[in-house]
Amino acid sequence: MADQYPFHQREKGKQQTSMKMHTKELMNLMRKQWLLSHVYIEIIISIGFGATKLWLSNLTIDPKFMHKRQQRYGKAFKSFVLGRFTVFMTGREASKILLTGKDGMVSLNLFYTGQQVLGPNSLLQANGEEHKRLRRLIAEPLSIDGLKKYFHFINSQATETLDRWSGQRVLVLEEASSFTLKVIGNMIMSLEPSGEEQEKFRSNFKLISSSFSSLPFKIPGTAFYNGMKARNSMFAMLDSIIAKRRNGEVIQQDFLESLIIKHSKGKTTFDGENKLTDQQMKDNILTLLVAGHDTTTAALTWLIKFLGENPEVLEELREEHLQIQANRKDGTGLTWSEVNNLPYTIKVLNETLRRATILPWYSRKAAQDFQIDGYNIEKGWSINLDVVSIHHDPGTFPDPEKFDPSRFDAPLKTFSYLGFGSGPRMCPGMNLAKLEICIFIHHLVCRYKWRALEKDDSVQATLVRMPKNKYPVMVEPL
Ligand code: HEM
């Protein structure tokens, strides 16, 4: 034991020295690790930023990039994007082949984040017969006749929104967004335009919408993670509404009700089709919300901006609307038949969709080998139709940067204007979008004049092209 003590001491001493060394080494190591971890973090951040930039640039492809490539290579060029060949094409021949997609030649090419957010049953992921079936289902409620019942709601929301504009500084994009969200929420599930449910709906929708062009990392805190969480919360809300409708607690005359009635009893619907499951219903309701909201918001904002920049167009448009007011003998408000007879306003909308091209390219995937304009396309390739250059082709639209609704006085050549697309994937929501925009514009131009507070033409790098500064204006009564 005697030996043991000094030994022990010696050992302790050794241990102390080695512990000191250990602590020193450990400190050095930790310092190195700390420095290294910062380097790692920086590398990860820059890769993250780079990847996000790349991801966004691939989703939102810069028109300047397209223009340069087209000048160098002509109507078609191939690029390696996100690990696969992507062909970029322009021209009427390409539009015709890609958008009509005869004999199952192409399918819609929804990017990964979109697939996850909208779900596997979304119309945007369906092809062939399943796609046709889903289109039939939404065709009636979105037809001109089917929309008639929402006229009063849309009209009251437009006037209520505009009541708040008098003498105010307004961010047009935000106002348009709030208006179109109230409309689509009411049309789909009779959501009240204000209150707790509307707020919950709005905040979930915002998260879903901003997750759409994010990187698909399901890590807490990321836009994608928050979007997927908001999707679940939106679905929980829909589940509870569907349950109330099935119990007969609430009866409404909306889009959801039409699906529930058609798809609740028996194995097949009354027109002999297979029933939709609740999951299919929910994925497609979300699809309509996502496809219909940002697009209509952007179109309405660009239209107001173009009117502000083109006083002679505004004057002619205002004349059309003041005339229908003057023709009313009984002093009543806007009517359904008046809103469906606005030829100049429709030309202004078409010119807006041409000039702004809010969806700059339509993406397809080759389901077989084929040729376009003598260019070989191989099965599995992604093909993006560059709509910006189709809409700015000086052969069809002389002086293409000019905002000129008279371009639509005479019919255009087929596949040269694609504001709402063409073929089997043509926008099923265009009647609703036109209705919302015509009603809003009627009240706006009959009541107000406005002045832009900034001169800025930059475009937000999102999937749907919108004015980056949200178009701030000062509004005065006429
Ligand atoms: C001004 C507003 C709008 C514009 C400019 C617009 C434009 C378009 C375009 C160009 C397409 C075809 C894209 C392609 O071929 O790849 C499309 C498809 C679609 N739109 Fe719209 N849209 C608008 C409003 C709406 C609204 C209000 C809804 C729904 C309520 C809607 C629902 C859809 C859906 C579900 C599709 C996919 C159709 C399919 O794949 O069969 N859109 N839209």
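Let's start just after helix H3, where Gly 101 takes a positive phi of about 45°. Helices here are DSSP runs of H or I with at least four residues, strands are runs of E with at least two, and both are numbered from the N terminus. A word on the source: this is a predicted model, where local features need pLDDT of at least 70, side-chain atom pairs count only at pLDDT 80 or more, and totals for chains, interfaces and linings use all residues. Residues are numbered from 1 along each chain as its sequence is written.

Back to H3, residues 92–100. Ala 94, Ser 95, Ile 97 and Leu 98 are buried there. Buried means 20 or more other C-beta atoms within 10 Å of the residue's own; exposed means 12 or fewer; partly exposed lies in between; C-beta atoms are placed from the backbone.

Now the whole chain. The protein chain has 17 helices and ten strands. It runs to 478 residues, and buried residues make up 34% of them. Next, contacts: two residues are in contact if their C-beta atoms, placed from the backbone, lie within 7 Å. Take the contacts in the protein chain with a separation of 6 or more: 72% of these join residues 24 or more positions apart.

Asp 399 has phi near 50°. It sits in the loop between helix H16 (387–391) and H17. Asp 399 is exposed, because 8 other C-beta atoms lie within 10 Å. Lys 470 has a phi of about 65°. Its place is the loop between strand E9 (448–452) and strand E10 (472–477). Lys 470 counts as partly exposed, because 19 other C-beta atoms lie within 10 Å.

On to a helix pair. Helix H10 (residues 223–246) packs on helix H12 (residues 278–309) at an angle of about 120°, with the axes 11 Å apart. Axes are lines fitted to C-alpha atoms, for helices over the stretch in contact, and angles run from 0 to 180 degrees between N-to-C directions. So H10 and H12 are oblique to each other. For the cut-offs: under 35 degrees is roughly parallel, over 145 roughly antiparallel, 65 to 115 roughly perpendicular, and the rest oblique.

Who makes the contact? From H10: Arg 231, Met 234, Phe 235, Leu 238 and Ile 242; from H12: Asp 278, Lys 282, Ile 285 and Leu 286. By class, that is six nonpolar, no polar and three charged residues. Nonpolar covers Ala, Val, Leu, Ile, Met, Phe, Trp, Tyr, Cys and Pro; charged covers Asp, Glu, Lys and Arg; the others, Gly among them, are polar.

H12 also matters for the next topic, the ligand shell: seven residues come from H12, the largest share. The ligand is surrounded by 24 residues, the closest being Gly 292, Tyr 362, Gly 421, Cys 427 and Gly 429. A residue counts as near if its C-beta atom, placed from the backbone, lies within 6 Å. Both H12 and helix H17 (430–447) supply at least two shell residues each. The shell has 15 nonpolar, seven polar and two charged residues.

Last stop, Ile 377, in strand E7 (residues 375–377). Ile 377 is buried, because 25 other C-beta atoms lie within 10 Å. Beyond its neighbours within four places in sequence, its contacts include Val 87, Phe 370 and Ile 383.
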